[in-house]
Amino acid sequence: MVVVAFDTNRIVKPASPTFEVYDTTYEEERSENIMKETVRRIRPVIPRFIKALANSMIVYEGTKVEMEVEVRSQQSVAFEWERDGIAITQHTERIFVTTGEMTSVLHITVTSLEDQGKYTCYAISDAGEKATTTKLNVIRKVHPAVH
């Protein structure tokens, strides 16, 4: 008996926010008869951002910033944040992350010029990962001269 798979992973329904349906057809050869069987399967889809980061943000130094994301996923999701390609792992009173099941927020309580940069949030599940990015520009607050 020989079993051969063909037409593997033919998607039969467009992806929903959390899964896609696909068919795999198997051909089995027995004596002089060939039998075909198609198996319908569901596989998880990588997380999809339903609330992504804006392309860019402009704020005055000293203001509060919250970068919030929300995803849809069939599986549990972990979030990771980076600034200019470096993971944000140290949380302080000024910069910290809060995360729910499908949401994550990067908080900067008081922005400074050093906070400028490219921020990326990764949503990671067993099915894969998706990223969203913003560029944060911090404008120096000008204090009027006192005469």
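This report describes a nonpolar core, an open sheet and a surface patch in a predicted model.

## The largest nonpolar core

The largest nonpolar core holds 21 residues, and among these Met-67, Trp-81, Leu-106 and Leu-136 touch the most other members. The elements that supply two or more residues to this core are the strands β5 (56–60), β6 (65–72), β7 (78–83), β9 (95–99), β10 (103–108), β11 (117–125) and β12 (128–139), and β6 gives the most, with four residues. In soluble globular proteins, nonpolar side chains tend to be buried together.

The surroundings of Leu-106 can be listed in detail: leaving aside residues up to four places away in sequence, Leu-106 is in contact with Val-65, Glu-66, Met-67, Trp-81, Ile-88, Ile-95, Phe-96, Val-97 and Tyr-119. Two of these contacts, Met-67 and Trp-81, are also named with Leu-106 among the core residues that touch the most other members.

## The five-stranded sheet

Five strands make up an open sheet with mixed pairing, arranged in the order β5-β12-β11-β7-β8. The edges are taken by β5 and β8 (86–87), each of which has a single partner strand, so that one side of each is left without a neighbour in the sheet.

Within this sheet, β7 and β11 run antiparallel and are joined by six bridges. Trp-81 has Cys-121 in β11 as its bridge partner, while Glu-82 stands opposite Thr-120, likewise in β11.

Arg-83 has Ile-86 in β8 as its bridge partner.

Ile-86, which lies in the edge strand β8, counts as exposed because its relative accessibility is 60%, above the 50% cut-off for that class. Ile-86 and Thr-120 are 34 residues apart in sequence, yet their C-alpha atoms are 9.5 Å apart in space.

## A nonpolar patch on the surface

Ile-58, Tyr-60 and Ile-139 form a nonpolar patch on the surface, and together they have about 320 Å² of accessible area. Ile-139 belongs to strand β12, and with a relative accessible area of 37% this residue is partly exposed.

Definitions and conventions. Residues are numbered from 1 along each chain as its sequence is written. This is a predicted model: local features need pLDDT of at least 70, side-chain atom pairs count only at pLDDT 80 or more; totals for chains, interfaces and linings use all residues. Side-chain values use heavy atoms; hydrogens and water are left out. A nonpolar core is a set of buried Ala, Val, Leu, Ile, Met, Phe, Trp, Tyr and Cys residues joined through side-chain atoms within 4.5 Å. Buried means under 20% relative accessible area, exposed over 50%, partly exposed in between (1.4 Å probe, protein chains only). Contact means heavy atoms within 4.5 Å. Two strands pair if DSSP finds at least two bridges between them. Patches are made of residues with over 30% relative accessible area and no salt bridge: like charges are joined within 9 Å, nonpolar side chains (Val, Leu, Ile, Met, Phe, Trp, Tyr) within 5 Å. Accessible areas come from the Shrake-Rupley method with a 1.4 Å probe; for residues, only the protein chains shown count as cover. A salt bridge is a side-chain nitrogen of Lys or Arg within 4 Å of a carboxyl oxygen of Asp or Glu.
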